[in-house]
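Student: I would like a close look at one part of this model, with the cut-offs spelled out.
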Amino acid sequence: DSWFRMKPRARLEREAKEDEEKAAMAEADEAASRRVKELRRRLARLAAAPAGAEGSCADEEDEFADDEEALQAEVDELEAAMAKRAARAAEIDRRRAWNIDNICRVKEERTVFSTRDAPSLAAADYQPDLGDEGAAAEEGGAADAAAPA
């Protein structure tokens with residue numbers, strides 16, 4: 001294949017791969033956000049519970065259910081991972097070059113007709129606005145036509 005065919009194809013493949021990566025990162029961010037929200041709820045419940053209360057969390061299968069430090073460490077880890085994914089997505093957007101595929105998109109297409117006060121489009125009803133030059137030429141032409149030859 002020629003260079004001119006290979007370059008756009010390589011760009012399209014790279015952009016498709018980056019779009020898939022961004023979609024996967026968005027899904028991971030959504031899952032991490034749900035987990036952070038749940039962990040913050042647990043931390044708030046632990047803070048509101050009296051000290052030394054047993055069984056303050058309903059999840060008995062989670063061995064760190066009552067360990068406030070472990071919960072906070074997991075929140076910090078998830079937030080760091082989310083920030084790293086956001087930085088990668090911003091890097092992908094920043095490095096994406098302008099090309100014919102992403103420089104513009106048609107959002108709305110419409111046809112606009114000029115509005116005239118003519119009742120119809122018949123030649124007798126429609127007199128275009130010729131401006132000052134057109135009016136002078138028309139008057140001169142009318143004087144020439146009225147003068148005998």
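In what order do the elements of the chain run from the N terminus on, and which residues make up the largest nonpolar core?

Tutor: The model is predicted, so local features need pLDDT of at least 70 and side-chain atom pairs count only at pLDDT 80 or more, while totals for chains, interfaces and linings use all residues. Residues are numbered from 1 along each chain as its sequence is written, and side-chain values use heavy atoms, without hydrogens and water.

From the N terminus on, the order is α-α-α: the chain has 3 helices and 0 strands (DSSP runs, H or I of at least four residues for helices, E of at least two for strands, numbered from the N terminus). Of the 149 residues in the chain, 14% are buried (under 20% relative accessible area, 1.4 Å probe, protein chains only; exposed is over 50%, partly exposed in between).

The largest nonpolar core has 8 residues: Ala32, Val36, Leu39, Leu43, Leu46, Leu71, Val75 and Leu78. Such a core is a set of buried Ala, Val, Leu, Ile, Met, Phe, Trp, Tyr and Cys residues joined through side-chain atoms within 4.5 Å. Two or more of the core residues come from each of H1 and helix H2 (68-95). H1 gives the largest share, 5 residues.

Leu78 touches Ala32, Arg35, Val36 and Leu39, leaving aside residues up to four places away in sequence (contact: heavy atoms within 4.5 Å). Across the chain, 59% of the contacts between residues at least 6 apart in sequence join residues at least 24 apart.

Helix H1 spans residues 3-48 and also holds Met6. Met6 counts as partly exposed because its relative accessibility is 36%.
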